[in-house]
Amino acid sequence: MSDSDDTASSVRQREESPQSADAHGSDKRRKLTDSSSDRRWTDWSLELSPGTDETLQLGRVSGIRAQSSETALDSYRLETVASGEREVTELEDSDAWCSVTATERRVAVVLGRQIHILSADCTRQEAVISHDGRVTVTALNGDSSFIAFGDESSGLYIVHVDTRRAVFFQHIGDADAQNSAGITAMQFAETGGGREELVVAGGDGDAVRFGGLQLRMLSTAIVAGDMALAARIKGEIRVEAVRLGVAEAQVAGLTAFHAGDRSEVFVASSGQASLSSWRQNGGETRLADAVSAESAGAAYTRVHVTQDGRFVAARGAQGVLDVYERTTLTRVFRYADVDVADFALLGGSESLTVAVLSEPHTDGDGDSCRRLIVVALPSMEVHYAMDVTAHSWLAQDTQGDVTTVLFAEGVADAGVQRLFLRRLHEAVPMERLDHFLRALRFAEALAFADAHGIPAAVVYHRRLTAMLQSDGAVGESAVDEALELAQHIEDEAAVDACTRLLAPSLNDTLRLLA
């Protein structure tokens with residue numbers, strides 16, 4: 001790797017200075033823009049809208065009925081947390097103009113050659129990093145203090161997020177190759193003792209493992225201006241070049257896994273080793289196992305290891321999701337209910353919860369869309385399903401939260417691209433109860449409250465409030481219901497409701513005031 005000062009200098013010469021989020025308005029709704037004149041690639045604006053609830057307003061959220069009486073609409077909440085748009089002279093391929101990487105601390109949204117870094121809850125924009133070419137892949141390290149990204153020219157960059165300082169740069173593979181696919185996959189992995197490694201692969205199969213990374217300590221050194229410590233940390237980095245491709249196959253995806261002193265890299269590619277396992281022994285990475293028969297020789301395009309390390313999940317080019325036992329690469333399950341375009345692991349202990357994004361299809365209105373499905377494997381229980389736009393992307397590296405799916409939806413019109421960053425998450429009981437109450441489904445709300453130990457008075461009070469909002473006098477039966485409801489709520493609220501309710505007769509009015 002090159003010296004950090006030289007790298008930062010060269011990046012500054014070829015890029016505009018990264019913009020600080022603090023220079024743009026209020027904390028809640030800051031807007032960041034790129035001032036470059038190349039309108040084909042830039043002019044994105046991204047605006048935060050934390051907490052914007054789309055659950056009841058989004059007409060296409062129909063869901064799938066669950067085993068109980070509640071529908072998926074009652075079980076999950078959809079929020080739009082950010083939106084952006086730009087004018088373009090030509091539209092990009094749907095797989096090229098956006099990707100999302102998320103960790104417990106930060107979210108990185110790649111838009112063309114810009115990287116917008118948000119806080120994990122998407123309430124703050126923390127940095128914008130601009131590049132002079134299209135960013136192909138990103139990865140955030142363990143504490144998200146650094147972001148690594150690759151580009152079409154096989155350049156690897158590592159940037160300190162808080163200072164927006166480029167600290168590392170290196171070409172992966174042959175920098176002069178005319179047919180290079182650029183960097184196609186990378187991942188940070190914790191190795192213990194406060195150290196991490198970064199595995200980076202190019203499409204042509206050349207890869208590099210950077211081990212012994214003390215990035216938390218490096219972040220402290222950068223903030224403190226301790227260049228001697230930074231230089232010592234860089235001097236302890238171990239670099240190993242690996243030929244991950246088998247039979248000249250292109251590397252489409254990879255994931256690194258560490259357990260104790262054992263280090264493995266799983267690679268998704270094509271040909272005779274469409275899924276392969278590589279183990280590091282004595283500082284050298286070698287092929288340990290490979291499979292191709294299970295995928296009929298077809299390529300795998302993405303691979304993940306479950307949090308507990310038991311299974312490896314891989315998406316096949318033929319649109320299936322295969323799950324393998326990690327240590328033997330024996331296939332134990334295949335999910336083929338939909339034509340899978342991408343997936344993300346959400347975690348889970350007893351079962352594996354997966355967010356699946358389908359290939360585009362035509363809906364009932366003749367529009368092209370995809371299907372987003374949250375499913376538990378191997379039980380095949382669908383927790384939620386909804387249609388999303390054909391230009392949609394799942395956030396990766398999100399295994400920490402089994403209840404939340406972060407994804408981006410894009411809309412490409414003539415001359416304009418729009419992006420919506422959305423969060424689909426399992427509603428806590430009170431949120432689910434609120435869905436019933438807002439829909440005036442009081443019988444279901446009462447049953448739900450009883451099943452989850454929620455005081456019935458919450459439902460009774462909301463029902464009585466709804467009666468007060470009706471136009472004109474209520475019927476005699478409504479007076480009877482109001483008197484019954486009043487017995488189950490606090491005296492002050494009951495008196496207020498009964499005195500405000502418009503009864504149909506003097507006798508009913510007296511009954512309410514009694």
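**Entry 1: strand β25**

I looked up the pairing of β25 and found that it runs antiparallel to strand β27 (residues 368–377) over 6 bridges. I took two strands as paired if DSSP finds at least two bridges between them. Helices (H or I, at least four residues) and strands (E, at least two) are DSSP runs, numbered from the N terminus. Within this pair, leucine 352 stands opposite leucine 377 of β27.

I work here with a predicted model, in which local features need pLDDT of at least 70, side-chain atom pairs count only at pLDDT 80 or more, and totals for chains, interfaces and linings use all residues. Residues are numbered from 1 along each chain as its sequence is written, and side-chain values use heavy atoms, with hydrogens and water left out.

I then checked burial in β25 (residues 352–358): 7 of the 7 residues are buried, so the strand is largely enclosed by the rest of the structure. Buried means under 20% relative accessible area, exposed over 50%, and partly exposed in between (1.4 Å probe, protein chains only). In a regular strand the side chains alternate between the two faces of the sheet. I found both faces of β25 covered, with Leu352, Val354, Val356 and Ser358 buried on one side and Thr353, Ala355 and Leu357 buried on the other.

**Entry 2**

I traced an open sheet of 4 strands, ordered β8-β9-β10-β11 with antiparallel pairing. At its edges stand β8 (135–140) and β11 (165–171); each has a single partner strand, so one side of each is left without a neighbour in the sheet. Neighbouring strands of this sheet are turned by 20 degrees against each other on average, direction ignored. Axes are lines fitted to C-alpha atoms, for helices over the stretch in contact, and angles run from 0 to 180 degrees between N-to-C directions.

I counted 5 bridges in the antiparallel pairing of β8 with strand β9 (residues 146–151). The bridge partner of leucine 140 is isoleucine 147 in β9. Helix α3 packs on this sheet, touching β9, β10 (155–160) and β11, and its direction makes about 100 degrees with that of β9. Contact means heavy atoms within 4.5 Å.

I listed the buried residues of α3 (residues 215–224) as Leu215, Leu218, Ser219, Ala221 and Ile222. They cover an arc of only 165 degrees around the axis, which puts them on the same side of α3. The arc is that of the directions from the helix axis to the C-beta atoms. On the other side of α3, Thr220, Val223 and Ala224 are exposed. Just after α3, I noted a positive phi of about 75 degrees at glycine 225.

**Entry 3: glutamate 197**

I located glutamate 197 in strand β13 (residues 195–202). Glutamate 197 is buried, with a relative accessible area of 3%. Its side chain makes a polar contact with the side chain of histidine 258 (2.8 Å). A polar contact is a pair of N or O atoms within 3.5 Å; within protein, one must be able to donate a hydrogen and the other to accept it, and residues adjacent in sequence count only if both atoms are side-chain atoms. Not counting residues up to four places away in sequence, the residues that glutamate 197 touches include Phe188, Arg209, Phe210 and Ser263.

**Entry 4: serine 45 and totals**

I found serine 45 in strand β2 (residues 45–53). Serine 45 counts as buried at 17% relative accessibility.

For the protein, I recorded 10 helices and 31 strands. Buried residues make up 51% of its 514 residues.
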